[in-house]
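I opened my notebook to look around a new model. Here is what I looked up, entry by entry.

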Amino acid sequence: MTLEQLRVFVAVADRQHITRAAKALNLTQSAVSNAVTSLEARHGVTLFDRVGRNIVLNQAGEAFLVEARAVLASAAAAESALDDLGALARGRLSIHASQTIASYWLPARLALFHRNHPGITLDVAIGNTALVAKAVADSAAELGLVEGEIDDPVLSRVVIGQDPLALLVGRDHPWAAGPPKSVKLADTAWVLREVGSGTRSTFEAVLAKGGLSVADLDVAMTLPGNEAVRGAVEANAGATVMSRIAAAPSLAIGSLVEVPYALPVRPFHLLRHKQRYRSRAAEAFLALALGPGQDLAAAK
């Protein structure tokens, strides 16, 4: 079994298609097909079910996919370790970030990191807090940037910023003209982020402190991103709790109105795997994220 065979297998498994995998890998269809066939023949196992011209990952293939990804991640970590010998002259840094951070906090820092270390390739992916934490735990990403609370014993975390939350309504919502003296969260419809997002988990914690849960609210819709939520609230679909950073453009033009309500300021966390190799590129990014004068040793 070779790393190349594993890369081919993962590419085919991800796409469930020989031709698309071959195109992604810049290989011929026959080379991809032969790699999969050789892997199956060598170990006497069928990884894909052939249904007409289609291939479908079977149960054995699904089990092997987990191990194949782990091996490739370890190989990538080994390659990164060697690249570090070049004093950041080249290498790769994988970062997964939750949506609020990726859209509003991260871009300027990525640009600065690239100016300081142009030889480092940055691989950036976006997901909600739960998905980002899983990527770091599974070694699919070296660094994770989240605004939600994470309790995973394999992950370390350090605060690198903060994010004030705001209770928001559209300009036509009854609360926009002047909220009641005591805002009752159950008295309006709501537009919420999806389960697993940092915004959703923080709001659920706020509800719990008040003796409520999401089940006690009139949830008009659940949407998978800040922009979608912002647009729905602007259209008067209900109230929401959102990052004030994310809502800033709409607040500036008055399409959203902030309702006075005590909400927490969320910390932005940088996540790393406690037992994985920590590249010099990751250390350089952490130093940049913390800013001058911060204690890098305390963030280890």
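**Entry 1: the whole chain**

How many helices and strands are there in the protein chain? I found 10 helices and 11 strands. I took both from DSSP runs, numbered from the N terminus: helices are H or I with at least four residues, and strands are E with at least two.

I reminded myself that this is a predicted model, where local features need pLDDT of at least 70 and side-chain atom pairs count only at pLDDT 80 or more, while totals for chains, interfaces and linings use all residues. Residues are numbered from 1 along each chain as its sequence is written, and side-chain values use heavy atoms, with hydrogens and water left out.

Next I looked at the box that the C-alpha atoms fill, and along the principal axes it is roughly 70 × 55 × 35 Å. Of the 300 residues, 45% count as buried. Here buried means under 20% relative accessible area, exposed means over 50%, and partly exposed is in between (1.4 Å probe, protein chains only).

I also looked up contacts, meaning heavy atoms within 4.5 Å. Among contacts with a separation of 6 or more, 71% come from residues 24 or more positions apart.

**Entry 2: helix α1 and what follows it**

I checked the length of helix α1 (residues 3-15). Its 13 residues should span 18 Å at 1.5 Å a residue, and its end C-alpha atoms are 18 Å apart, which agrees. The expected span is 1.5 Å times one less than the number of residues.

Which residues of α1 are buried? I noted Gln5, Leu6, Val8, Phe9, Val10, Ala11, Val12 and Ala13. The buried residues of α1 pack against α2 (18-25), α3 (29-43), β1 (48-51), β2 (54-57) and α4 (59-83).

Just after α1 comes Gln16, with a positive phi of about 50 degrees. Gln16 is a residue other than glycine, and its place is in the loop between α1 and α2. I put Gln16 down as partly exposed because its relative accessibility is 27%.

Asn26 gave me another positive phi in a residue other than glycine, near 60 degrees. Asn26 sits in the loop between α2 and α3. Is Asn26 buried or exposed? Its relative accessibility is 72%, so Asn26 counts as exposed.

**Entry 3: two helix pairs**

Two packed helices are described by the angle between their axes and the distance between the axes. The axes are lines fitted to C-alpha atoms, for helices over the stretch in contact, and angles run from 0 to 180 degrees between N-to-C directions.

For α1 and α4, I found an angle of about 130 degrees, with axes 10 Å apart. That makes α1 oblique to α4. By the cut-offs, angles under 35 degrees are roughly parallel, over 145 roughly antiparallel, 65 to 115 roughly perpendicular, and the rest oblique.

Which residues of α1 meet α4? My list for α1 is Leu3, Leu6, Arg7, Phe9, Val10, Ala13 and Asp14, and α4 brings Gly61, Phe64, Leu65, Ala68, Arg69, Val71, Leu72 and Ala75. By class, this contact has 11 nonpolar, one polar and three charged residues. Ala, Val, Leu, Ile, Met, Phe, Trp, Tyr, Cys and Pro count as nonpolar, Asp, Glu, Lys and Arg as charged, and the others, Gly among them, as polar.

My other pair was helix α5 (residues 99-116) and helix α10 (residues 280-290), whose axes come within 10 Å and cross at roughly 125 degrees. α5 and α10 are therefore oblique to each other. From α5, Trp105, Leu106, Arg109, Leu110, Leu112, Phe113 and Asn116 meet Ala281, Ala284, Phe285, Leu288 and Ala289 in α10. The classes here are 10 nonpolar, one polar and one charged.

**Entry 4: around α10 and α5**

I saw that α10 is mostly covered, with nine of its 11 residues buried. Among them are Glu283, Leu286 and Leu290. The buried residues of α10 pack against α5, β3, β4 (120-126), β5 (143-146), β6 (155-170) and β11 (265-273). After α10 comes Gly291, with a positive phi near 90 degrees.

Ser98 is in the loop between β3 (91-97) and α5. I marked Ser98 as buried because its relative accessibility is 1%.
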